[in-house]
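Have a look at the structure first, then read on.

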Amino acid sequence: MSFSPYGNYWREIRKLCVVHVLSSRRVSSFYSIRLSEVKQMIRKISSHASSSKVTNLNEVLISLTSAIICRTAFGRRYKDEGTEMSRFHGLLSECEAMLGVLFVSDCIPFLGWIDKLMGMHARLEKSFKELDQFSQAVVDEHMDPNRKTSQEEDIIDVLLQLKKQRSFSIDLTNDNIKAVFVDLLIAATDTTAATAVWVMTELVKHPRVMKKVQEEIRNWGGKKDFLDEDDTQNFPYFKAVIKETLRLHPPLPLLVPRETNSKCIIEGYEIAAKTLVYVNAWAIHRDPGTWKDPEEFLPERFIDSDIDFRGQDFGLIPFGAGLRSCPGILMAIASLDLILANLLYLFDWELPPGITKEDIDTEASPGLVQYKKNPLCALAKCHM
Ligand code: HEM
C-alpha cells in the first residue's frame, strides 16, 4: 500500500485495510494485546527500578512496539533478546535501511548501472527474498488446518477471511496479503517506538513539563494500579506533549516519497507529471511563519488550540495529509497513549549519576524513520 502507485489496486487495498484492519473497532479489539505487552514492560522497568539499574528506553520501547505489532499482525511474540527476535529485527532494519538509501537510478535513471556496481541491487534482492520467505512462512502457518489458534483473531486471519469472501474488485492473492502484512510491520513498529522515545527525551530534558504532565496524570489516576486508554481522554496536557513532540520530531520527517500524477504548477513552478516529491514535514513543523518560537518545546501552544495532527492543519503533518495520509493513526495513538501514560504515571524518571539534562542530545539516526540516535538511558523510580 505505502509504495504502490495511485490506482485501482491501491484504492482497494487501502479501503480494505481502513475498513477491516485499522478501523476503530478493530483497533479496540486488539486492546488486550496492548494491555498485556505494556504490563510486561512495566514489570521489566519495575525490576530495573528495584535494582537501581538504568533503563535503556530505546531498547525497551522498540521491543514493546514490535511485540505489540507481531501479536496483532500474526499472533506471535518473540522472546526478548532471543535469536528469533534478533532475526526478525535484523530483517526489518535491513528493509528500512534499503528504503532510506538513495538509489542513483531514482534520480538519474540512465546511471542505474552505478547501483549495480555498488552492490545495491544484490542487497535489495537479498532483503526482498528474506522478507518474502518470512511472510510466506507466516501465511502458510495460518493456512495450516492443524494450527493452534490464539484467542485473538490477528490481521493475517482477517486478511485470509477477506480473501475467501471475494467482496472486492481485486482478487486478493497470498502475495497481496504478504505485501500488506510486511507494509504494516514496517509502518507500525519503528514509527511508534521512535515517537515514544522522543516524548520521553523531551520530558527528561524539560523537568518543568515532566512535572506538569505527571501532576495531570497522577491527579486523575489517584490510586489506580494502571491507566487504560480511556483514562488518557482526560489528559489534555499529556496530549499536547505528544503533539508537540511530533511537531519537533516527526518520525518520518520527509513523509513517504510520492509522485505527481499529472503536470501541475506550484508557486509559479511547473512540475512535470511523474516527478518524485518529498514533503519536508520537519521544515514545515519549524516554520517561523506558522509557529512562534518554533525551536522551543512548548506543549502549552496546543492548549486551547484547535490545531491537530490528523491532516487538516497543513502546518502539522506528522501523519501526512490527503489521500495517502497514514491509515494507522488510530492504532498509533492507542499504543502511544497507553505506553506513555503508564510510564509517566507509575515511574519517576531521573538521569544516571553524572549525567545532566544538557548532556541528553536530540541527534537523529539517518534513514526513513528518525529515531533518537544515541539511546535514552534513565533511572526509573517506582512512584507508588
Ligand atoms: C507515530 C506513529 C506513526 C507515524 C508518525 C506515521 C506516519 C506516517 C506518514 C507520514 C505516512 C505517509 C503519509 C503521506 O505520504 O502523506 C504514513 C503512511 C502509512 N502508514 Fe503510518 N505512521 C505511524 C504509525 C502507523 C501504524 C501504527 C500503521 C499501521 C498499523 C501505519 C501504517 C501506514 C501505512 C500502511 C501507510 C501508507 C498509506 C498509503 O500510502 O496509502 N502507520 N504513516
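Predicted model: local features only at pLDDT ≥ 70, side-chain atom pairs only at ≥ 80, totals over all residues.

Residues are numbered from 1 along each chain as its sequence is written, and side-chain values use heavy atoms, with hydrogens and water left out.

Let's start with Cys326, which UniProt lists for "binding site" in an unreviewed entry. UniProt positions are given in the numbering used here, feature names are shortened, and annotations may be inferred rather than shown by experiment. In the model, the SG atom of Cys326 is the only protein donor of the ligand's iron atom, at 2.3 Å. Donors here are N, O and S atoms within 2.8 Å of the metal (3.2 Å for Na, K and Ca); water is not among the atoms, so sites may look incomplete.

Where does Cys326 sit? You'll find Cys326 in the loop between α13 (281-285) and α14 (329-346). Helices (H or I, at least four residues) and strands (E, at least two) are DSSP runs, numbered from the N terminus. Cys326 has a relative accessible area of 31%, so it counts as partly exposed. The cut-offs are under 20% for buried, over 50% for exposed and in between for partly exposed (1.4 Å probe, protein chains only). Leaving aside residues up to four places away in sequence, Cys326 touches Arg14 and Phe319, where contact means heavy atoms within 4.5 Å.

Leu57 belongs to helix α4 (residues 57-74). Leu57 is called buried because its relative accessible area is 0%. Not counting residues up to four places away in sequence, Leu57 touches Val197, Met200, Leu343, Trp349, Leu376 and Ala378. Phe30 is 27 residues from Leu57 along the chain, and their C-alpha atoms are separated by 24 Å.

**A greasy bit of surface**

On the surface, a nonpolar patch is formed by Leu102, Leu254, Leu276 and Tyr278, with about 380 Å² of accessible area together. Patches are made of residues with over 30% relative accessible area and no salt bridge, joining like charges within 9 Å and nonpolar side chains (Val, Leu, Ile, Met, Phe, Trp, Tyr) within 5 Å. The areas come from the Shrake-Rupley method with a 1.4 Å probe; for residues, only the protein chains shown count as cover. Leu102 is in the loop between α5 (83-100) and α6 (104-107), and counts as exposed because its relative accessibility is 59%.

**Salt bridges**

How many salt bridges turn up in the whole structure? The search finds 29, each being a side-chain nitrogen of Lys or Arg within 4 Å of a carboxyl oxygen of Asp or Glu. Here are some of them:

| Pair | N to O distance |
|---|---|
| Lys212 and Glu300 | 2.9 Å |
| Arg301 and Glu244 | 3.1 Å |
| Glu270 and Lys263 | 3.9 Å |

Lys212, in helix α11 (residues 207-221), and Glu300, in the loop between α13 and α14, are 88 residues apart, so this pair links distant parts of the chain. Lys212 is partly exposed at 36%, and Glu300 is partly exposed too, at 25%. Arg301 is in the loop between α13 and α14, 57 residues from Glu244 in helix α12 (residues 236-248). Glu244 is buried, with a relative accessible area of 0%. Glu270 is exposed at 56%, and Lys263 is exposed at 56%.
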